[in-house]
Amino acid sequence: MTPPTHLDPSELGNKHYWETTYSNDLTTHTQNPTCTGTIWFSTSNASPLTIAHLLSLSPPLPKPTTTFLDLGTGNGEMLFRLRSEGGFTGKMLGIDYSPASIELAMRVARQKGYDTDEEIRFREWDILREPTAENGWDEGQFDVVLDKGTFDAISLNEESDGLGRRVCEGYRDRVVEMVKVGGRFLVTSCNWTESELKEWFEAKVGDGSNHGFEFEGRVEYPKFRFGGNEGQSVYGQGSTT
């Protein structure tokens, strides 16, 4: 795979930044339980638009049995809304590499009345550094895998993997292992264009990997115009295995 031009590294790509962020959110939530932390892309209505996209699919996703994995779950907001607004009641799991994120998500889940052993579970997991689906990942595969800003953050990490690549270059192959055959991966980004997301995630003939997704459609976000050109500040892309 030949990736698009890398983004310049930023503190938003570092685990310490997110652990500090969610630790602060935990403190705030303890002091004021109505404050449940930052909801990423809230100004673009990313969560409701993603749910609307999922509900519009044909054939429809079966609400009692469709399983969801939320990568970089943060405070768990996406999964809560899938249940309360989308009406989905199947297995849901949120993972994050920040222990404070998982503690916050579990606190908020219990506050909302969810069973964190059965209805919505959360787990500390570093998708880039923990064992893969083929070697130690014991949660199985999911019908729908969601990424709301996680790939954006990973793309800002300057570290390299064991192959000498920026860590973001290994993300696609890790995600593919967690999606059922015929399942879906929805990625929401403010750092990458639609064409760049396709370069990152679509399967390419001759790239040395059998992994990848097939572009299915996009989540439409509010558009802006500048200099006669039209664009979106946030892109949501749906792909299938």
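Because the model is predicted, local features need pLDDT of at least 70 and side-chain atom pairs count only at pLDDT 80 or more, while totals for chains, interfaces and linings use all residues. Residues are numbered from 1 along each chain as its sequence is written, and side-chain values use heavy atoms, leaving out hydrogens and water.

Student: What share of the 241 residues of the protein counts as buried?
Tutor: A residue is called buried when its relative accessible area is under 20%, exposed when over 50% and partly exposed in between, using a 1.4 Å probe and protein chains only. By that rule, the buried share of the 241 residues is 49%.

Student: What is the volume of the largest cavity?
Tutor: The lining of this cavity has 15 residues, with Trp40, Gly72, Thr73, Asn75 and Lys148 nearest its centre. The volume of the largest cavity is about 110 Å³.

Student: Which strand gives the largest share of the lining of the second largest cavity?
Tutor: Helices (H or I, at least four residues) and strands (E, at least two) are DSSP runs, numbered from the N terminus. Strand S4 (142-148) and strand S5 (179-189) each supply at least two residues of this lining. The largest share, three residues, comes from S4.

Student: Which helix gives the most to the lining of the largest pocket?
Tutor: The largest pocket is lined by 28 residues, including Trp18, Gly149 and Thr150. Helix H1 (15-31), strand S2 (92-96) and helix H5 (150-155) are the elements that give two or more residues to this lining. With four residues, the helix that gives the most is H5.

Student: How many charged residues does the lining of the second largest pocket have?
Tutor: Asp, Glu, Lys and Arg count as charged, Ala, Val, Leu, Ile, Met, Phe, Trp, Tyr, Cys and Pro as nonpolar, and the others, Gly among them, as polar. Beside three nonpolar and four polar residues, the number of charged residues in this lining is seven.

Note on methods:
On a 1 Å grid over the protein atoms alone, a cavity is a set of points where a 1.4 Å probe fits but cannot get out, and a pocket is an open set with protein on both sides within 12 Å along at least five of seven lines; lining residues have an atom within 4 Å of a point. Grid points are joined across faces, edges and corners, and a volume is the space filled by probe spheres set on the points.
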